[in-house]
Amino acid sequence: ELLNRFDIVILPRNTQLKGSQLAAINELDALGRIHVWDGSINSLLPKVKSWVSCDQEKVWVLPRTHPADTLAPVIVHMINRDYSLIGDQIAVKNNLNINLDKAIVRLPVHSIKCYSPGESPVSLSFIQTQEGIEISVPRLEYWNVLRIIYSGSPAGTVKYEIPEPCIYPNP
């Protein structure tokens with residue numbers, strides 16, 4: 001059934017359901033998978049499992065997958081938002097840990113490379129479990145791009161190696 005694919009279903013407070021819709025919602029409610037929203041984002045946050053996390057504040061982690069090509073690399077954009085207007089400077093982040101859920105990184109990983117403005121690409125260490133993957137990123141100044149290559153994908157072999165992207169710093 002369609003609703004069984006979801007970990008949680010969020011309903012507005014005054015939802016009017018009848019018949020099969022009401023029966024399906026009651027079934028999920030008995031399993032603890034219904035949340036009636038009171039209009040507050042704070043009531044939702046504890047209920048929603050994050051697929052992406054970073055152990056440091058003011059860092060955006062934005063993964064991109066290719067739904068039509070399951071072997072395509074996962075691309076992760078990292079943006080440092082820790083900017084001081086007073087000093088006109090960014091607070092460099094060091095030793096970050098990024099966690100991505102198995103819903104994003106669905107297959108065994110071969111390698112991960114980090115691309116930063118003005119720097120040579122760096123291979124990153126990672127730990128992959130049944131829940132997802134934890135990636136150790138040594139440094140984030142302004143932004144990084146991570147390229148996650150799956151084991152057995154064409155990009156993980158020498159014969160079909162994807163060329164390294166060219167990254168130019170923004171002026």
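Serine 136 is partly exposed, because its relative accessible area is 29%; the term covers values between buried (under 20%) and exposed (over 50%), calculated with a 1.4 Å probe on protein chains only. The structure is a predicted model, in which local features need pLDDT of at least 70 and side-chain atom pairs count only at pLDDT 80 or more, whereas totals for chains, interfaces and linings use all residues. Residues are numbered from 1 along each chain as its sequence is written, and side-chain values use heavy atoms, with hydrogens and water left out.

## Overall composition

The protein chain contains two helices and 13 strands. These elements are DSSP runs numbered from the N terminus, with helices (H or I) of at least four residues and strands (E) of at least two. Of the 171 residues in the protein chain, 27% are buried. Contacts are defined by heavy atoms within 4.5 Å. Among contacts between residues at least 6 apart in sequence, 63% join residues at least 24 apart.

## The setting of serine 136

Serine 136 belongs to strand S12, which covers residues 132-140. When residues up to four places away in sequence are not counted, serine 136 touches Leu96, Asn97, Leu124 and Ser125. With one of these, asparagine 97, the side chain of serine 136 makes a side-chain polar contact at 3.5 Å. Such a contact is a pair of N or O atoms within 3.5 Å; within protein, one atom must be able to donate a hydrogen and the other to accept it, and residues adjacent in sequence count only if both atoms are side-chain atoms. The C-alpha atom of serine 136 also lies 6.7 Å from that of asparagine 95, although 41 residues separate the two along the chain.

S12 is part of an open sheet of four strands, ordered S3-S8-S12-S11 and paired antiparallel. Strands S3 (52-54) and S11 (126-128) form the edges; each has a single partner strand, so one side of each is left without a neighbour in the sheet. From one strand to the next the twist averages 15°, taken between axes that are lines fitted to C-alpha atoms, with angles running from 0 to 180 degrees between N-to-C directions. Pairing requires that DSSP find at least two bridges between the strands. Eight bridges join S12 to strand S8 (residues 93-101), and these two strands run antiparallel. Within this pair, leucine 96 stands opposite valine 137 of S12.

## Positive phi values

Most residues other than glycine have a negative phi. Asparagine 95, in strand S8, has a positive phi near 55°. Lysine 58 likewise has a positive phi, near 60°, and sits in the loop between S3 and strand S4 (59-64).

## The nonpolar cores

A nonpolar core is a set of buried Ala, Val, Leu, Ile, Met, Phe, Trp, Tyr and Cys residues joined through side-chain atoms within 4.5 Å. The largest has 21 residues, of which Met78, Leu100, Ile135, Leu146 and Ile148 touch the most other members. Two or more residues come from each of S4, strand S5 (74-80), S8, strand S9 (109-115), S12 and strand S13 (143-150). S12 gives the most, with four residues. Another core lies apart from this one and has five residues, among them Val9, Leu11, Ile25 and Leu28.

S5 is joined to S4 by six antiparallel bridges, and valine 61 has methionine 78 as its bridge partner in S5. S5 also pairs with S13 in the antiparallel sense over six bridges, with methionine 78 opposite asparagine 144 in S13.

## Cysteines and selected accessibilities

The whole structure has zero disulfides, a disulfide being a pair of cysteine sulfur atoms within 2.5 Å. Two cysteines and two residues discussed above are listed below.

| Residue | Relative accessible area and class |
|---|---|
| Cysteine 54 | 21%, partly exposed |
| Cysteine 114 | 5%, buried |
| Lysine 58 | 45%, partly exposed |
| Asparagine 95 | 58%, exposed |
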